[in-house]
Amino acid sequence: MNRLTLWIGLLLLACLLPCATAEAQDDGERAREYFEQGGRDSDQERWGEAVEYFRRSWALRERPSTAFNLAVALLRLGRPSEALESLDDYLRVSEPEAEAEAERRAEARRLLETALAAIAHVTLSVEPTMASVRVDGQLVGGGGTVRELRLDPGEHTITVEAEGWEPHTFELSVLDGERARRTIALERQTEPTGPARVRVTATPATAQIWVDGAEMGHGSYVDELEPGRHSIEVRADGYVTFRRTLELGPGERRDLQAALQRSALPLAEDPVFWIVTAAIAAVVGAGVALGVALG
């Protein structure tokens, strides 16, 4: 019995290893193609397209050259905070001892200084202290009265909000390396009246958002709804549908995060099922042949 178990394990390993190797080779080839396309876009100064291709290449293979080129493209787009992350990635995966990397590592450090100098610093004083802060829709971590924001140069939308307080949203334009201060004091809400406000954020961004049986868009949805019961559905091919029923009161604000889970393939459509089935069939055939030979 132990010998048969060993045979099964070896056959399964023999079937699965070529699949894993082929998949790794495919990923490496696609990573190279994305990198080369990003290089062509960079040569033509199509920096937005270059960033997208370099990101795709990096997701498949974490190569130093990809992180470095991604950082350069992000800097050319005026996004130094993201460039800092890519430069950190480059310094992490490149080899400090490699002579071929010495010049590029030195250039990466110079780019780090450039990115740091370009980032604007905004000191935001908020009241009440438990208020949350969003920059361009993204929640900024931290708490307390003083919040330190690091922003890319350009226009930003900042929202300060807290339960029981009227939210405050304002536009802020910052320059390279600018330092600014803002004070935001929220006002307490009166007895809630009027329509409710619902924000739905879906992952993946291509997911369809349905409200009360009507399709309302993809990825995100913000609107006012009448108080009462409302149904929310988020759908995407290959994912389990997200369903939620909301009971909304007058003036209520609700933030709903819908992160969809991938749906499992039916057994008959799962490639692993057929690999294992073929391996078991091979084992059974080998066992029969071995039994005849031993007999």
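Author: Let us start with a cut-off: a residue is buried under 20% relative accessible area, exposed over 50%, and partly exposed in between. Please keep in mind that this is a predicted model.

Reader: Why is Phe-35 called partly exposed?

Author: Its relative accessible area is 26%.

Reader: What makes Phe-54 buried or exposed?

Author: Phe-54 has a relative accessibility of 1%. Buried means under 20%, so Phe-54 is buried.

Reader: And what is Tyr-53 on that scale: buried, partly exposed or exposed?

Author: Tyr-53 comes out at 26%, so it is partly exposed.

Reader: How many aromatic pairs does a search of the whole structure find?

Author: Three. One of them joins Tyr-34 and Tyr-53, with 6.1 Å centre to centre and 40° between the planes.

Reader: What makes the pair of Phe-35 and Phe-54 tilted?

Author: The ring centres of Phe-35 and Phe-54 are 5.6 Å apart and the planes stand at 50°, so this pair is tilted. Phe-35 lies in helix H1 and Phe-54 in helix H2, so here too parts 19 residues apart in sequence are tied together.

Reader: How do you know that the charged end of Arg-56 sits over the ring of Tyr-34?

Author: The distance needed is within 6 Å of the ring centre, with a direction within 35 degrees of the ring normal. The charged end of Arg-56 is 5.8 Å from the centre of the Tyr-34 ring, and sits over it. Arg-104 likewise lies over the face of Phe-68, at 5.7 Å from the ring centre.

Reader: What makes E4 and E7 edge strands?

Author: Strand E4 (146–151) and strand E7 (179–185) each pair on one side only. The open sheet has the order E4-E1-E7, with mixed pairing.

Reader: How do you know that E1 and E7 pair?

Author: At least two bridges are required, and strand E1 (residues 120–127) and E7 share seven, in the parallel sense.

Note on methods
Residues are numbered from 1 along each chain as its sequence is written. This is a predicted model: local features need pLDDT of at least 70, side-chain atom pairs count only at pLDDT 80 or more; totals for chains, interfaces and linings use all residues. Side-chain values use heavy atoms; hydrogens and water are left out. Rings of Phe, Tyr and Trp (its six-membered ring) pair if their centres lie within 6.5 Å; planes under 30 degrees apart count as stacked, over 60 as edge-to-face and the rest as tilted. Buried means under 20% relative accessible area, exposed over 50%, partly exposed in between (1.4 Å probe, protein chains only). Helices (H or I, at least four residues) and strands (E, at least two) are DSSP runs, numbered from the N terminus.
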